[in-house]
Amino acid sequence: MVKLGEHKGKNIFYNRELALNGNIIILGVPGSGKTQQAINTMIQLCNEGQTILTFDTHSVLDPENIHPDLLPAFEAVANDIDVHKNGI
C-alpha cells in the first residue's frame, strides 16, 4: 500500500490490489506539489518491488528539481538512461 497523503487528518492510501487498474492521477494547481507527490509515490512503489518507467521530457527528475528530503530515497531506486545523450 502506498501512502498518497493526508486529508482532514486522515491518511490516504493507494492499494493496487484493490484498484480497478494500475493508474494514478495527481491533480493540482501549479506549485501545489504534484511532481514531489509523484516522486514520493514512485519511491514507495519501487520499494514494494514495482518497476516504473518515466519519460522525463522537462527534466523534472533531475536531482536539483527533487525536494532534498526525497532525493536520497529517489537516488537509491532510480536508474537514469539519457537517451538524448547516449542513445538507447
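Let me begin with Glu48, which is partly exposed at a relative accessible area of 29%, where buried stands for under 20% relative accessible area, exposed for over 50%, and partly exposed for what lies in between, calculated with a 1.4 Å probe and protein chains only. Before I go on, please keep in mind that this is a predicted model, in which local features need pLDDT of at least 70 and side-chain atom pairs count only at pLDDT 80 or more, while totals for chains, interfaces and linings use all residues. Residues are numbered from 1 along each chain as its sequence is written, and side-chain values use heavy atoms, with hydrogens and water left out.

Which residue does Glu48 meet in a salt bridge? The partner is Arg16, and the two side chains come to 2.5 Å, N to O; a salt bridge here is a side-chain nitrogen of Lys or Arg within 4 Å of a carboxyl oxygen of Asp or Glu. This pair links distant parts of the chain, since Arg16 sits in the loop between β2 (10-14) and α1, whereas Glu48 sits in the loop between α1 and α2 (71-77), 32 residues apart. When I say helix or strand, I am using DSSP runs numbered from the N terminus, with H or I over at least four residues for helices and E over at least two for strands. Arg16 counts as partly exposed, at 34% relative accessibility.

Gln50 is also found in the loop between α1 and α2, and Gln50 is partly exposed with a relative accessible area of 31%. If we do not count residues up to four places away in sequence, Gln50 touches Arg16 and Leu45, where contact means heavy atoms within 4.5 Å. The C-alpha atoms of Gln50 and Ile66 are separated by 21 Å, although these residues are 16 apart along the chain.

By the salt-bridge rule I gave, the count comes to two, and the other pair to show you is Lys3 with Glu6, whose side chains meet at 3.5 Å, N to O. Lys3 is partly exposed, with a relative accessible area of 30%, whereas Glu6 is exposed, at 56%.

Lys3 also brings us to the strands, because Lys3 stands opposite Phe13 in β2. β1 and β2 pair in the antiparallel sense over five bridges, and two strands are said to pair if DSSP finds at least two bridges between them. Together β1 and β2 form a hairpin with two residues between them. What is the phi of Lys8 in the turn? The value is positive, about 50°, although Lys8 is not a glycine. Lys8, in the loop between β1 (2-7) and β2, counts as exposed at 77% relative accessibility.

A positive phi in a residue other than glycine is also found at Ser59, where the value is near 60°. Ser59 is in the loop between α1 and α2 and is partly exposed, with a relative accessible area of 33%.

Leaving aside neighbours within four places in sequence, Met42 is in contact with Ile52, Thr54 and Leu61.

Finally, the surface: Ile81, Val83 and Ile88 form a nonpolar patch with about 410 Å² of accessible area together. Patches are made of residues with over 30% relative accessible area and no salt bridge, with like charges joined within 9 Å and nonpolar side chains (Val, Leu, Ile, Met, Phe, Trp, Tyr) within 5 Å, and the areas come from the Shrake-Rupley method with a 1.4 Å probe, for which, in the case of residues, only the protein chains shown count as cover. Val83 lies in helix α3 (residues 83-86) and is partly exposed, at a relative accessible area of 47%.
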